[in-house]
Structure formats: C-alpha cells, structure tokens
Amino acid sequence: FIRFVWTDILYIEAMQNYVKIYLKDKVYLVHQTMHVTADMLPDKAFFRIHKSFLVNLSHIEKISGGRVYVNGTELPLSKYRREELFKTVVSRNLLSR
C-alpha cells in the first residue's frame, strides 16, 4: 500500500485496470481504474484532459494546440475537453489572485 500527497502528483495515465501515477522523481503502477483514482482526488485540483490522462492543474506548464505540457512531458488534449480546460484554468488563475 502506497500513500501519496496529491500535490506531489504531476499526472496520471490510465492503462486498462491500472494507472501510472507520475511524480517528479518516480512513477508508480497501481492496480486501480482511472475512475476510482479520480474519485479519490480533489475535483478542483485535477482535470481529465483525455480519456487516458488526468493532470494536476497546478503542474501545467503550457497548453499549446492539442497538447498539455507537464514537467516537460507532452500529453494529448482531447478536442472535446479543450474549451472546458481553458475555462477551468482561467477561472482558477483569477480566483487565486
């Protein structure tokens, strides 16, 4: 059993009944679905950018075209989630000021 501080999570990748949890210096493979994992995390801090990727909003470096960059890694952004991501990031940045 491994415990994570959710603020340390950069992003999570779904792989059928497993998820890969990416931290700055480690990657963990956990036997758990993305749905179960997402339910355990705070909604306001994480965003599902693609059916296979959930990102920690505070670790997004850049959004360009159909890509999201987290810790130098390029992740796919679903065209169906793009507008909602922009609204979420903009409203989050305005509220944190």
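Helices (H or I, at least four residues) and strands (E, at least two) are DSSP runs, numbered from the N terminus. This is a predicted model, where local features need pLDDT of at least 70 and side-chain atom pairs count only at pLDDT 80 or more. Residues are numbered from 1 along each chain, and side-chain values use heavy atoms, leaving out hydrogens and water.

Q: How many salt bridges are there by this rule?
A: Let's start with the rule: a side-chain nitrogen of Lys or Arg must lie within 4 Å of a carboxyl oxygen of Asp or Glu. Counted this way, the number of salt bridges is 3.

Q: How many residues apart in helix H2 are Glu83 and Lys87?
A: The side chains of these two, Glu83 and Lys87, meet in a salt bridge at 3.4 Å, N to O. Both Glu83 and Lys87 are exposed (over 50% relative accessible area; buried is under 20%, partly exposed in between, with a 1.4 Å probe and protein chains only). Helix H2 covers residues 82-95, and the pair is separated there by about one helical turn because the spacing is 4 residues.

Q: Which residue meets Arg67 in a salt bridge?
A: Arg67 is partly exposed, with a relative accessible area of 33%. The N to O distance is 3.0 Å, and the partner is Glu74.

Q: What is the N to O distance between Arg81 and Glu84?
A: Arg81 is partly exposed at 26% relative accessibility, and Glu84 is partly exposed at 40%. Their side chains meet in a salt bridge, with an N to O distance of 3.8 Å.
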